[in-house]
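Subject: Structure handover

Hello,

Here is the structure I promised to pass on. Please open it first, then read my notes below.

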Amino acid sequence: METKYVFVTGGVASSLGKGIIAASLAKLLQARGFRVTIQKFDPYINIDPGTLNPYEHGECYVTEDGAETDLDLGHYERFLGIHTSKANNVTTGKIYNTVITKEREGAYLGRTVQIVPHITDEIKRRMLLLGQTGEYDIVITEVGGTVGDMESQPFVESIRQLQWELPEDSICTIHLTLVPYLAAAGELKTKPTQHSVQMLQQSGVHPDIIVCRSEKELNADLRMKMARFCNVKAGNVIESIDAKSIYQVPLNMKEEGLDKKVLSSLGINWSPEPDLSALKAFLDRLSHPETSIDIALVGKYVELQDAYKSILESFVHAGAANKCKVNVHYIHSEHLDAANVEEKLGKMRGILVAPGFGERGLEGKVEAIKYARTHAVPFFGICLGMQMAVVEFARNVLNLKGAASTEVNPDTPYPVISMMEDQKKTTLKGGTMRLGAYDCKLEEGSLAYRIYDKETIRERHRHRYEFNEEYLSKMEAAGLKASGRNPQTGLVEVIELPEHPFFIATQFHPEYKSTPESPAPLFVSFVEAALKCQK
């Protein structure tokens, strides 16, 4: 069949969950047997989120092919269980960069370069790109931002043009809005939705389906009212009521018939009923834990949960696998020191030291690792967490006072973590780190080998600095083992303490590949170790 296109826009307010609705729809369509992918178009001018502060944009998600992308791509992969790529995340910065580069090369033959048609043509080209590969039946495009924002207008205009250019049954537009509940009046208010849809229609885009986020159920009268004033079919106003888990949303959307309405709009009148048995089994485990566990997440961006979104979701997946509710306690590493470490971590049954960049909060991470090592508390370090585990061991076991990473102390007498050779000549910050999936060979008999139950694994990276090989022999003689290495470069990717109940750290990010139906082995084993510690 010819590729079909679904566009998801948002109105009234940001952070309504366009990514979750898009991923839920994709899950339902995939479960019906369609080949589906999702892409995200973001209106900001940054080339990608790689240089954005996590406080600004949340986590930077890394794909298998090394793209630094919006965190919604993590939702896409977790819901669908398939890999996304560089082509799945497009920003205004990428669009303008492409157009300006072409203009400098003379591609426009001296013509005046304008928003319409040059910018919108490039947006449309990228919107259709994945559909032209022949790999997908349906391509879902989430448009970031809110309708009415100045920076979103070129994307909305591009959708308008595609509604005109593509066959009528090849495109469907979904508009996600908020229907707020006013407690003082005891009413759900539809006016914000009406205004949002009117603004979208004034831009020439007419939504086929309206999805309404709400705290309360929408009755038939409210749905009919919105359908009438928003000029959509009566049955195409559906609710997305707040759910306890984002993984419940696909089932809620199935109950509302979102997938059927989209397929009808696309001229597809029959397909098998979706098989969601694996998702239901996961939700059953998630909803009926047999025990609970307290785990500390030690990081420097803990004020914003989205900064560690993939890690938090990995704990959800691992908790369900262990029939356990994982209570994650956020510990700000900048406020952690030797004087208060017992108070903050004493009741924790596991300690995860999170990734990050820069000097702020590093000493708190070192204190947390020292506490885990000396008190036999299960420990798991990721990326910078691994690097600080090496620093802590060098300082407190090898007695190399002043040991540090050259990222924060170029003049350290003991540079146990140093910049990778291929990074030393790099001056640009964006998209220049070691990014994407690489092989790692695990040492037979090691904890890492037992966890993965295989010799070679493939995990994703995002870093510039690495374990300094010069100190490896001293550390191994003192008990710290390098149990995983890149087979091509020899880069140390996993370290562990065999004498400790559970002490492991990785240079790579296992959280990026964790899904409800295939949880990350390291997280599953970490939660299991924490449960044993609790018993």
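How many salt bridges does the structure hold? The count is 31. Keep in mind that this is a predicted model.

**Salt bridges**

Start with Arg 460 and Glu 64. Their side chains meet in a salt bridge, at 2.7 Å from N to O. The two residues sit 396 residues apart. Arg 460 is in strand β19 (residues 456-463). Glu 64 is in the loop between β3 (61-62) and β4 (68-69). Both Arg 460 and Glu 64 are buried.

Next, look at Lys 124 and Glu 165. They form a salt bridge whose closest N and O atoms are 2.7 Å apart. Lys 124 lies in helix α5 and Glu 165 in helix α6 (residues 153-165), so this pair ties together parts that are 41 residues apart in sequence. Is Lys 124 buried or exposed? Lys 124 counts as buried, because its relative accessibility is 8%, under the 20% cut-off. Glu 165 has 41% relative accessibility, so it counts as partly exposed.

Glu 187 is partly exposed at 40% relative accessibility. Lys 189 is partly exposed too, with a relative accessible area of 32%.

There is also a network of salt bridges. It links Lys 40, Asp 42, Asp 70, Asp 72 and Glu 142.

**Nonpolar cores**

In soluble globular proteins, nonpolar side chains tend to be buried together. The largest nonpolar core here has 45 residues. Which of them touch the most other members? They are Val 6, Ile 140, Ile 174, Leu 258 and Val 262. Helix α1 (residues 18-31) gives the largest share of this core, 8 residues.

Take Ile 140 as a way in. Leaving aside residues up to four places away in sequence, Ile 140 touches Val 6, Val 8, Ala 22, Leu 25, Ala 26 and Leu 29, among others. Its contacts also include Val 36, Thr 37, Ile 38 and Gln 39.

Another core, of 41 residues, lies apart from the largest one. Among its members are Ile 331, Leu 345, Phe 467 and Leu 480.

**Aromatic pairs**

The structure holds 11 aromatic pairs. One of them is Tyr 247 with Phe 282, an edge-to-face pair. The centres are 5.3 Å apart, with 85 degrees between the planes. Tyr 247 is in the loop between β11 (237-241) and α9 (249-256), and Phe 282 is in helix α11 (residues 277-287). They are 35 residues apart. Tyr 247 and Phe 282 are both buried.

Phe 380 and Phe 523 also pair edge-to-face, at 5.2 Å centre to centre and 75 degrees between the planes. Phe 380 is in strand β15 (residues 379-382) and Phe 523 in helix α18 (residues 521-534), so the pair ties together parts 143 residues apart in sequence. Phe 380 is buried, with a relative accessible area of 0%. Phe 523 is buried, also with 0%. Ring pairs link Phe 380 and Phe 523 with Phe 315, Phe 502 and Phe 526 into a cluster.

**Surface patch**

Finally, turn to the surface. Tyr 96, Ile 100, Ile 115 and Val 116 form a nonpolar patch there. Together they have about 330 Å² of accessible area. Helices α4 (92-104) and α5 (115-129) each give two or more residues to this patch. Val 116, in helix α5, counts as partly exposed at 44% relative accessibility.

Best wishes

How values were computed
Residues are numbered from 1 along each chain as its sequence is written. This is a predicted model: local features need pLDDT of at least 70, side-chain atom pairs count only at pLDDT 80 or more; totals for chains, interfaces and linings use all residues. Side-chain values use heavy atoms; hydrogens and water are left out. A nonpolar core is a set of buried Ala, Val, Leu, Ile, Met, Phe, Trp, Tyr and Cys residues joined through side-chain atoms within 4.5 Å. Buried means under 20% relative accessible area, exposed over 50%, partly exposed in between (1.4 Å probe, protein chains only). Helices (H or I, at least four residues) and strands (E, at least two) are DSSP runs, numbered from the N terminus. Contact means heavy atoms within 4.5 Å. Patches are made of residues with over 30% relative accessible area and no salt bridge: like charges are joined within 9 Å, nonpolar side chains (Val, Leu, Ile, Met, Phe, Trp, Tyr) within 5 Å. Accessible areas come from the Shrake-Rupley method with a 1.4 Å probe; for residues, only the protein chains shown count as cover. A salt bridge is a side-chain nitrogen of Lys or Arg within 4 Å of a carboxyl oxygen of Asp or Glu. Rings of Phe, Tyr and Trp (its six-membered ring) pair if their centres lie within 6.5 Å; planes under 30 degrees apart count as stacked, over 60 as edge-to-face and the rest as tilted.
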